Amino acid sequence: MAQQSVPSSISGRPRRVGVVVVGAGVVGASVARDLARRGAEVVVVDGAPGIGGGCSYANAAILAPGHVTPLATPALLREAPVQMLRRPAAVAVRPARGLAPWLGRLAASAAPHRSGPGGELLRALANESTTLHRELADRGLSPTLRRTGAVDVYLREARGAALSPEQLRALEPMLGEVAGGSHDEDEWTVESRSYVSATLEDAVAHGAELHFGTDVRALVPHADGGHHVVTDRTTVHAEHVVLAAGVESSVLAAQVGVELPLRGGRGYVVDVAATESDLRMPVRIKEHRVVVTPLEDRVRVCGSIEFGDESRPADLRRADALLEVATRVLPDLAGREVLDRWAGERPCTPDGMPLVGTSRVAPGLAVATGHGMWGMILAPVTARLITEALLNGTALPTDEWLHPDRFTRGSHRRSLPGGARAGLARRGRVDGGVRAAS
């Protein structure tokens, strides 16, 4: 998206708007697009200077619905001690205030009666969302989506792997020495920044307003309903606010009485230059939880999840360590030009499930965050759920598991009133107010 094609700030007299979406990452952009296409008046604000200011900057770039699980499962808890001792550690925990009880709640959420049904729901949503991704690509709204398949490989113990090393190398000739693994032909790759750019362009084309470099500093409930959205530039009155700002959503939600106990699960990425004859498909190195994904102009290596103090600077040597693991399995990656190193805070909840839906504690507030590692794959279905809740005024079928009030003491889960759609239709512009992007 050409930055000059959109306003960079909100200016002029405050006015009433239908929906303010806070956060222009993969989830916020998807929500804005769906609402705008349905005729809602939408303003999107993000504190970053442009696309990719948060976790939408980089991720594994894979749509693999069969691999989507809650953050904590019995299997993952069993593996965690081993993963913490690996070099590099696939799971790391650093001392931080309030982290211990949060991790305790996360461990409790791995109980089979929770993680089993929760996992079934997430995989169903991921399958639906993958279908939506494909439909978007068919309409030209996801330019980098392509079906590649993927292989899972083990370096030592094959653990009942379906394919031998020779069979795996027939599928992916760049593989080096592995013990065995498996292949899933129905997986897809999509580069996150190109997706977000195309999604925001479509939202703007349908009347949404987009404002980067605009920090939201406060939400203030209004006596007439909705909220004043106070930014570093002005204040607007939004009848509905959608929080899609990742970990930072918790600060704004707390101002209106909604508790979102989000913590950052830091992940690391290193991109190296692509070659003319490169990987055919993503490779998941199972023991180390490292993913290697071929993209159009680079090969991405990512992995690790690290909990601790989100304000502590990232140690990008951990990204280099992931690349060392990748070169053991894919020797041709050795010596390539490193294009980028990055670390980002995935928004994680203490029960491992996203926060998606409309609040009853704070009427007029919707939440779309807490997706952990699954923001890219779940973005389209999250947008559909939020759009249906706002425009049709109905409770979501996922309320028991995803409801944004579920951590707020004394909350009650009731459906949105039938009149929730009122006020969302696009109005005429007000002189001196926010202008639509051209």
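**A conversation about the model**

Modeller: Let us begin with A245, which touches V22 and G23 when residues up to four places away in sequence are not counted. Please keep in mind throughout that this is a predicted model.

Colleague: Is A245 buried, partly exposed or exposed?

Modeller: A245 is found in the loop between β12 (235-243) and α7 (249-255). Its relative accessibility is 21%, and the buried class takes in values under 20%, while the exposed class takes in values over 50%. Since 21% falls between those two cut-offs, A245 counts as partly exposed.

Colleague: Which helix packs with α4, and is the pair roughly parallel or roughly perpendicular?

Modeller: The partner of α4 is helix α9 (residues 375-392), and the two axes lie 7 Å apart at an angle of about 90°.

Colleague: Which class of residue has 12 members in the contact of α4 with α9?

Modeller: On the side of α4, the residues that meet α9 include L122, L125, A126 and L132, and on the side of α9 they include M376, I377, L378 and V381. By class, the contact of α4 with α9 also has three polar and two charged residues. The class with 12 residues is nonpolar.

Colleague: Where does A110 lie, and which residues does A110 contact beyond its neighbours within four places in sequence?

Modeller: A110 is placed in the loop between α3 (99-108) and α4 (112-138), and because its relative accessible area is 4%, A110 is buried. The C-alpha atoms of A110 and L77 are separated by 7.5 Å, although the two residues are 33 places apart along the chain. Leaving those sequence neighbours aside, the residues in contact with A110 are A72, T73, P74, L77 and S115.

Colleague: Is T148 buried or exposed?

Modeller: T148 sits in the loop between β5 (146-147) and β6 (150-154). Apart from neighbours within four places in sequence, T148 is in contact with E187, W188, T189, R280, M281 and P282. Its relative accessible area is 13%, and because this is under the 20% limit, T148 is buried.

Colleague: How far apart in space are P165 and G180, C-alpha to C-alpha?

Modeller: P165 lies in helix α5 (residues 165-171), and with a relative accessible area of 16% P165 is buried. Not counting residues up to four places away in sequence, P165 touches V178, A179 and G180. P165 and G180 are 15 residues apart in sequence, and their C-alpha distance is 5.0 Å.

Colleague: What kind of peptide bond joins R87 and P88?

Modeller: P88 lies in the loop between α2 (74-85) and β4 (91-93). The omega angle of the bond between R87 and P88 is about 0°. The bond that joins R87 and P88 is cis.

Colleague: What is the phi of A61?

Modeller: A61 lies in the loop between β2 (42-45) and β3 (62-63), and because its relative accessibility is 1%, A61 counts as buried. Its phi is positive in a residue other than glycine, with a value near 65°.

Colleague: What is the phi of R289?

Modeller: R289 is placed in the loop between β14 (283-285) and β15 (290-294), and at 32% relative accessibility R289 counts as partly exposed. R289 is not a glycine, and yet its phi is positive, at about 55°.

Colleague: What is the volume of the largest cavity?

Modeller: There are four cavities of 30 Å³ or more. The largest cavity is lined by 13 residues, of which L71, G352, H371, G372 and M373 lie nearest its centre. Its lining divides into seven nonpolar, six polar and no charged residues. The volume of the largest cavity is about 70 Å³.

Note on methods
Residues are numbered from 1 along each chain as its sequence is written. This is a predicted model: local features need pLDDT of at least 70, side-chain atom pairs count only at pLDDT 80 or more; totals for chains, interfaces and linings use all residues. Side-chain values use heavy atoms; hydrogens and water are left out. Helices (H or I, at least four residues) and strands (E, at least two) are DSSP runs, numbered from the N terminus. Buried means under 20% relative accessible area, exposed over 50%, partly exposed in between (1.4 Å probe, protein chains only). Contact means heavy atoms within 4.5 Å. On a 1 Å grid over the protein atoms alone, a cavity is a set of points where a 1.4 Å probe fits but cannot get out, and a pocket is an open set with protein on both sides within 12 Å along at least five of seven lines; lining residues have an atom within 4 Å of a point. Grid points are joined across faces, edges and corners, and a volume is the space filled by probe spheres set on the points. Ala, Val, Leu, Ile, Met, Phe, Trp, Tyr, Cys and Pro count as nonpolar, Asp, Glu, Lys and Arg as charged, and the others, Gly among them, as polar. Axes are lines fitted to C-alpha atoms, for helices over the stretch in contact, and angles run from 0 to 180 degrees between N-to-C directions.
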